[in-house]
Amino acid sequence: MEKKMHEISEVLEELCKTVKRVSYEEETAVASAIQKAKRVFVAGSGRSGLIASCFAMRLMQSGITAYRVGECTTPAIEADDLLLITSGSGETGALVKNAETAKKVGAKIALITIYPESAIGKMADVILQIAASSKFDEGKKSHSIQPMGSLFEQSLMICSDYIMMILMEQLGLTGESMFQRHANLE
Ligand SMILES: O=P(O)(O)OC[C@H]1O[C@](O)(CO)[C@@H](O)[C@@H]1O
């Protein structure tokens with residue numbers, strides 16, 4: 001049999017290492033920022049944005065008023081709201097603009113990123129850092145065995161689901177109670 005370049009277990013190992021390094025304090029800080037907000041607006045681009053949508057879905061199922069930025073039914077962000085941005089680089093143009101708008105109206109910003117010192121990081125009130133290699137590190141020796149932002153995006157999915165578990169505990173929710181709000185028009 002032909003030798004594989006990498007075993008799938010190596011992918012799981014680097015994912016496990018990355019999510020275990022994420023700070024619990026930062027995860028709980030994001031959960032409290034969500035709880036304190038009147039409404040949560042979730043924004044992300046590309047693959048990070050797809051995971052942002054998964055997060056927004058769970059927030060809605062928890063009874064939190066959550067919107068996905070970019071949907072035509074999403075209203076204007078206001079002072080009591082939270083803009084939660086998922087961006088590996090923290091530099092994606094449209095997301096930087098979203099953060100500037102949120103700042104201007106006095107909304108809070110939470111960022112999940114590789115780079116706390118990024119343009120969005122500098123505007124954020126709460127930051128959760130995922131120490132993964134980014135799409136900009138492609139080709140470097142230190143880069144993940146997976147391409148571009150894959151390791152960040154996978155870690156983002158696990159961390160956002162874990163933040164949901166923290167919220168469930170704080171709000172006294174169960175999977176069953178959340179399922180009551182699951183879409184019945186699909
Ligand atoms: O997570 P970032 O750095 O904001 O990048 C957004 C997206 O841009 C891409 O590079 C291309 O869509 C994706 O890999 C990534 O999810």
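**A tour of the sheet and its helices**

Begin by selecting Val40, which stands opposite Leu82 in E3. The model on screen is a predicted one. Now widen the selection to residues 40-44, strand E1, and residues 82-86, strand E3. These two strands run parallel and are joined by five bridges.

Next, turn to the helices that cover these strands. Select residues 24-36 for helix H2, which packs on the sheet and touches E1, E3 and E5. The direction of H2 makes about 140° with that of E5. Then select residues 46-61, helix H3, which also packs on the sheet. H3 touches E1, E2, E3 and strand E4 (108-113), and its direction makes about 160° with that of E1.

In what order do the five strands lie? The order is E2-E1-E3-E4-E5, in an open sheet with parallel pairing. Go to the edges, where strand E2 (66-68) and strand E5 (126-129) stand. Each has a single partner strand, so one side of each is left without a neighbour in the sheet. Viewed across the sheet, neighbouring strands are turned by 15° against each other on average, direction ignored.

Last, select Gly149, in the loop between E5 and helix H6 (150-171). Is Gly149 buried or exposed? Its relative accessible area is 10%, under the 20% cut-off, so Gly149 counts as buried. To finish, draw a distance from the C-alpha atom of Gly149 to that of Ile127: the two are separated by 18 Å and lie 22 residues apart along the chain.

Terms used: Residues numbered from 1 in each chain as written. Predicted model: local features only at pLDDT ≥ 70, side-chain atom pairs only at ≥ 80, totals over all residues. Heavy atoms only, no water. Pairing = 2+ DSSP bridges. Helix = DSSP H or I, 4+ residues; strand = E, 2+ residues; numbered from the N terminus. Axes fitted to C-alpha atoms, helices over the stretch in contact; angles between N-to-C directions. Contact = heavy atoms within 4.5 Å. Buried < 20%, exposed > 50% of the residue type's maximum accessible area, 1.4 Å probe, protein only.
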